[in-house]
Amino acid sequence: MNGSGKPESVDFIREIINEDIKNGKHEGRVHTRFPPEPNGYLHLGHAKSICLNFGIADEYKGQCNLRFDDTNPTKEEVEYVESIQEDVKWLGFDWEDRLFFASDYFDVLYDYAEKLILMGKAFVCDLNADQMREYRGTLTEPGKESPYRNRSIEENLDLFRRMKAGEFPEGSRTLRARIDMASPNINMRDPVIYRIMFAHHHRTGDKWCIYPMYDYAHCISDAQEGITHSICTLEFEDHRPLYDWFLDVLETPHHPQQIEFAKLNVAYTIFSKRRLNELVKRGITSGWDDPAMPSLAGIRRRGYTPEAIRKFATIVGVAKRDTLSDMALLEYCIREDLNKKAQRAMAVLKPLKLIITNYPDGESEELEAVNNPEDPAMGTRKVPFGRELYIERDDFMENPVKGYFRLFPGNEVRLRWAYFVKCNDFRKDPVTGEVTEIYCTYDPESKGGNSSDGRKVKSTIHWVNAGKCISAEVRLYDRLFTVPDPADAEEGKTWIDYINPHVLDIVKDAKLEPFMAGAVPGINYQFERLGYFVADSKDSAPGSPVFNRTVTLKDSWAKLAAK
RNA sequence: UGCCGGGUCGUCUAACGGUAGGACAGCGCCCUUUGGAGGCGUUUGCGUAGGUUCGAAUCCUGCCCCGGCAGCCA
C-alpha cells in the first residue's frame, strides 16, 4: 500500500509473479537472470533489463544470476565479459557466486540433442544456407520439408556424432529440430539447433566444433539454473513457442516462463550496438567510454551515478508497448540525485575581468562559502577574494534586455558569498567591440552577501579571483543527435546525418576556485549556476583535472531569453 | 497482404465493469545569497465506429495505425 491507501500498482511482470507465488508455481520461488552476449559494451537499455531482473530478485527475496550467452565464439570476446561484470557491479547489483556461462552447459546441451535425435525430434540436415532459406518458405507461404528430414535415428546419431568429431566442413550440415515446416511461426519451421564452427571459444577452447543456437541453448540454460521467470525483450515473443517446445519435449526438470517486455529507447540517442560501434569506428566519439555515448562506461565517465540510473529505470517502468522516453526524464533523475549530494564550486567558463575600483590594491581576504545548501553537514570552505575577479561573460550586458537582472551599467548585484557590487563603467576592445573589462565599486558593508541597510539585489552571480584561480579544460557535452529518433531518417538521409555538431564543446581555459585543483575523478560537483561536472577519469592528471559536464542546471533565464 | 504483439496527457506509466490518476516536461504564482533547489496551483489524454451494460479505457465486433518475425546472430 502507498500513502494514499490505494493498493500499490505493479507492472505486468510483477503481476504475473504475484499470481505465480499465490498459486505456488515454482514452489513460490523467484529466480531471474541477466543474460548478455559478450559481444559489446552494456548501455542504458541493458541497464533497464539489469534493474528489472536484479530488482525483482531483490524485492521477492529471490536470486538473479549473471549468465553470459556465449554460444557464438566468432562474435564474442573476454574483453566484454569483463566490462559487463564491471558495469553490473557499478550499477549496484550482486550475482554473488552465480556467474554462469551458456558454455557451462555445452555437455548437457549435447546430451539433450542426442536425446532429441533418439526421440525422432531432431535430424541432421545437409542443406546449405541458401537452400535452407529456400525451403523455409516466406512470411506468407509455408516451407517445404528438407529431403533429409526422414533419415533414420541411427543415421542421424552417427552423423551428429561425426559433426561433433569434426569430420565435416563448416556449413556443410546442421542439426535441426523436427517440428513443422508449415507453421505460421517461422521459428517453428525445423529450426537449426547446432551448426558447425571451427572456432576457438573463449572458455571451452577448441573442445567443440559444433555450437548450439540461441533458441536451443537459452531455454535449457534457464532450466538448468532453475530460473522461474525468464525476462526478455519483445522481439523474442515469437520464439516463446520454441522455448516451450524444447523444454516440453525434453521434459526438463524445470520449465521457466518466458516473459517479454518492451526495451528502452531514449530520445536524441541510440542504443543499437551496430550504430554505436560505427560512431566509434568513424571517430565521431573517442571510444565506447566516450562521455557522449549512452554506454554505461560512457555515462559513468560523464558523471551519471548508479542511483540516478536505477531511479530512471524505475520511472520509465515496464510494459509491452514500444516507447521513446523523454531525455528530460533521465536528466531529472541525475539532477535530483546530484542536487542533494554534489559539493558546490564556482567556475567561470567564459571569463570577463571585473575590477573593483574601491577595493584596496594588493589586499585580499578569504570568504566563507557553503559547500552544499541542501546539506549543511557538508560544511563550508574559504574562497579567496580580491580586487580583480573573473565573472561569466553572460552575466554582463551593455544594454540589458527586459527581464535581465544581472550586471549592467548602473546595476547592483551580489557576488556569491562575497559582496554587493555596482557596475560603473566598462571598457571595450576598439577593434572588435568586445567588452574587455568592467569596473565596479563594492559595498564593504555587504560582506557575506547581505546589505546592512536591507537593500536587495535581484541577482547573484558567481566569480573567481583572477589572481588565485586555476585554469582547466571543461568539456561541455550535449545530446548526441539533433532529432528525437535518428533511426527514423527522412528520404535521402541516414541516422549519421543527425549527429549533433555540438555534442561536445570544449572550453580550454575555464577559471575555477583553487580547491578544484584537487578534484578527484568520480566525485561530482555542481559548478554554481552552470551544471553538474565531474573530473574526467581518463584525461585528468593529479592537480590538473579536466572536467566533463554531466548535465546543465535547469536554466529558466535561458528559456525566458529565448522567447 | 501470413503469424505474433501493441495503441491512455507532449513523454513515461496507473486503472482490471463504477469519479481517467501519478511522475517528467510546460505554464502561473510564492519563496530563494544558484534565474538552481523547494512550495502551491494549473493546462493537456482513453486510435476509430458500433455493440453488450444502469454504467466501458476495461468485455465483444469491425476498421485504422504502429512494432516484430523469412541468420547456420542473440
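This is a predicted model: local features need pLDDT of at least 70, side-chain atom pairs count only at pLDDT 80 or more; totals for chains, interfaces and linings use all residues.
A residue is called buried here when its relative accessible area is under 20%.

**Aromatic pairs**

A pair of aromatic rings is described by the distance of the centres and the angle of the planes. For Phe-385 and Trp-463 the ring centres are 5.2 Å apart and the planes stand at 90 degrees, so this pair is edge-to-face. Phe-385 belongs to strand β14 (residues 380-386) and Trp-463 to strand β20 (residues 463-465), so the pair ties together parts of the chain that are 78 residues apart in sequence. Phe-385 is buried, with a relative accessible area of 0%, and Trp-463, at 0% relative accessibility, counts as buried too.

The rings of Phe-527 and Phe-547 have centres 5.3 Å apart and planes at 70 degrees, so they too form an edge-to-face pair. Because Phe-527 lies in strand β23 (residues 524-527) and Phe-547 in strand β25 (residues 547-552), this pair ties together parts that are 20 residues apart in sequence.

Elsewhere, ring pairs join Phe-106, Tyr-110, Phe-160, Tyr-194, Trp-208, Tyr-211, Tyr-216, Trp-245 and Phe-246 into a cluster. Rings also take part in arrangements with charged side chains: the charged end of Lys-144 sits over the ring of Tyr-135, 4.7 Å from its centre, while Arg-173 lies over the face of Phe-168, at 4.0 Å from the ring centre.

**The surface near RNA strand B**

RNA strand B is surrounded by 72 residues, of which the closest are Glu-15, Arg-321, Arg-344, Gly-448 and Gln-526. Of the atoms of RNA strand B that come within 4 Å of the protein, sugar and phosphate account for 61%. Sorted by class, the surface near RNA strand B has 26 nonpolar, 20 polar and 26 charged residues. Several elements, namely α5 (129-136), β6 (192-196), α11 (306-316), α12 (327-341) and α13 (556-562), each supply at least two residues of this surface. Some individual contacts with the strand are set out here.

| Residue | Protein atom | Atom of RNA strand B | Distance |
|---|---|---|---|
| Glu-15 | polar side-chain atom | base nitrogen | 2.5 Å |
| Arg-416 | polar side-chain atom | sugar or linking oxygen | 2.9 Å |
| Thr-460 | backbone N or O atom | phosphate oxygen | 3.4 Å |

**Strand β6 and its partners**

Strand β6, one of the elements that supply residues near RNA strand B, is mostly covered, with four of its five residues buried. Strand β5 (residues 174-177) is joined to β6 by three bridges, and the two run antiparallel; in this pairing Arg-176 has Val-192 of β6 as its bridge partner. Strand β7 (residues 210-212) also pairs with β6 in the antiparallel sense, over three bridges, and here the bridge partner of Arg-195 is Tyr-211 in β7. Tyr-211 is also one of the members of the ring cluster described above.

**A contact across the chain**

Asp-87 has its place in helix α3 (residues 78-91) and is buried, with a relative accessible area of 1%. Although Asp-87 and Pro-306 are 219 residues apart along the chain, their C-alpha atoms are separated by 9.8 Å.

How values were computed
Residues are numbered from 1 along each chain as its sequence is written. Chains are lettered from A and ligands numbered from 1 in the order in which they are written. Side-chain values use heavy atoms; hydrogens and water are left out. Rings of Phe, Tyr and Trp (its six-membered ring) pair if their centres lie within 6.5 Å; planes under 30 degrees apart count as stacked, over 60 as edge-to-face and the rest as tilted. Buried means under 20% relative accessible area, exposed over 50%, partly exposed in between (1.4 Å probe, protein chains only). A charge sits over a ring if NZ of Lys or CZ of Arg is within 6 Å of the ring centre and within 35 degrees of the ring normal. A residue is near a molecule or strand if one of its heavy atoms lies within 4 Å of it. A polar contact is a pair of N or O atoms within 3.5 Å; within protein, one must be able to donate a hydrogen and the other to accept it, and residues adjacent in sequence count only if both atoms are side-chain atoms. Ala, Val, Leu, Ile, Met, Phe, Trp, Tyr, Cys and Pro count as nonpolar, Asp, Glu, Lys and Arg as charged, and the others, Gly among them, as polar. Two strands pair if DSSP finds at least two bridges between them.
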